[in-house]
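Here is a short report on one protein model.

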Amino acid sequence: MSVQAVLFDLDGTLLDTSYDLFNAVKHTHQALAEPLAKQRIDLYPIYGNGVRAILTATLKRIPSEQECQLCLDYYRNNICKQTQEYTGMRQLLHKLATYPLPWGIVTNKPEKLTHALIQHFNYHQQAACIIGGDTTTEKKPHPKPLLYAAKLIRIKPENCLYIGDNLRDIQAGKAANMITIAASYGFISPHTNMADWQADHIISQPSDILNYV
């Protein structure tokens, strides 16, 4: 089966957004005068679940709408302070362009936040498609966002690779009949057994993707 396109999750796969996300959490706790017992890496399994889930874990209660908005506003205003590409990612994207293989982004992050990051890293001129969490009526693990991405780039789903660092990424990719790759360099808890996800491949660094295209 030939690979004709590569699709990436965003947080924990294309970009390490954990520092800015955690700073937003710290700001919220400070504003609420609430102690923060968690460290940045403790929240790896939760970062992709949204502000409410993150604050529920750190506050140990369900946050109010105002508290969620406080965190979200801080993150939105400081979204690219410490976020960075994973080592080797820029070189990988350049390599894909020389093949040439189109690549795109399919994330559960809302479109506005996604595009803020994309603009900062100048991906908007390179990516064949950018699908946010509110682009379609469903989010991963539903396959609809991935199927929509394949439709936009006019590549059959079975000829697409999808790379992600969360079980829902692999579930969505499999449901869309794509080749799935689990990124162990991403937001992975040390207690996670990625083999249980049953991805087609597991990689430890971005350049490993070249082994499958």
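## Salt bridges and a domain interface

R52 is partly exposed, at 34% relative accessibility. (Buried means under 20% relative accessible area, exposed means over 50%, and partly exposed is in between, with a 1.4 Å probe and protein chains only.) This is a predicted model: local features need pLDDT of at least 70, side-chain atom pairs count only at pLDDT 80 or more, and totals for chains, interfaces and linings use all residues. Residues are numbered from 1 along each chain as its sequence is written, and side-chain values use heavy atoms, without hydrogens and water.

R52 forms a salt bridge with E65. (A salt bridge is a side-chain nitrogen of Lys or Arg within 4 Å of a carboxyl oxygen of Asp or Glu.) E65 lies in helix α3 (residues 65–77) and R52 in helix α2 (residues 51–59), so the pair ties together parts that are 13 residues apart in sequence. (Helices are DSSP runs of H or I with at least four residues, strands are runs of E with at least two, and both are numbered from the N terminus.) E65 counts as exposed, at 55% relative accessibility.

The table lists this pair with two others.

| Salt bridge | Closest N to O |
|---|---|
| E65 and R52 | 2.4 Å |
| R61 and E67 | 2.9 Å |

In the second pair, R61 is partly exposed at 30%, whereas E67 is buried at 13%. D73 and R76 are three residues apart in helix α3, so about one helical turn separates them. D73 is partly exposed at 29%, and R76 is partly exposed at 39%. Elsewhere, salt bridges with shared partners join D9, K140 and D169 into one network. How many salt bridges does a search of the whole structure find? It finds eight.

Now the domains. Domain 1 covers 5–16 + 84–211, and domain 2 covers 17–78. (These bounds come from an automatic or database domain assignment.) The contact takes 13 residues from domain 1 and 13 residues from domain 2. (Contact means heavy atoms within 4.5 Å.) About 1,000 Å² is buried between the two domains, and carbon and sulfur atoms give 57% of it. (Buried area is the accessible area, with a 1.4 Å probe, that two parts lose on being put together, summed over both.) In domain 1, D16, L113 and F187 lose the most area to domain 2, together 50% of what that side buries. Between the two domains, the count of salt bridges is zero.
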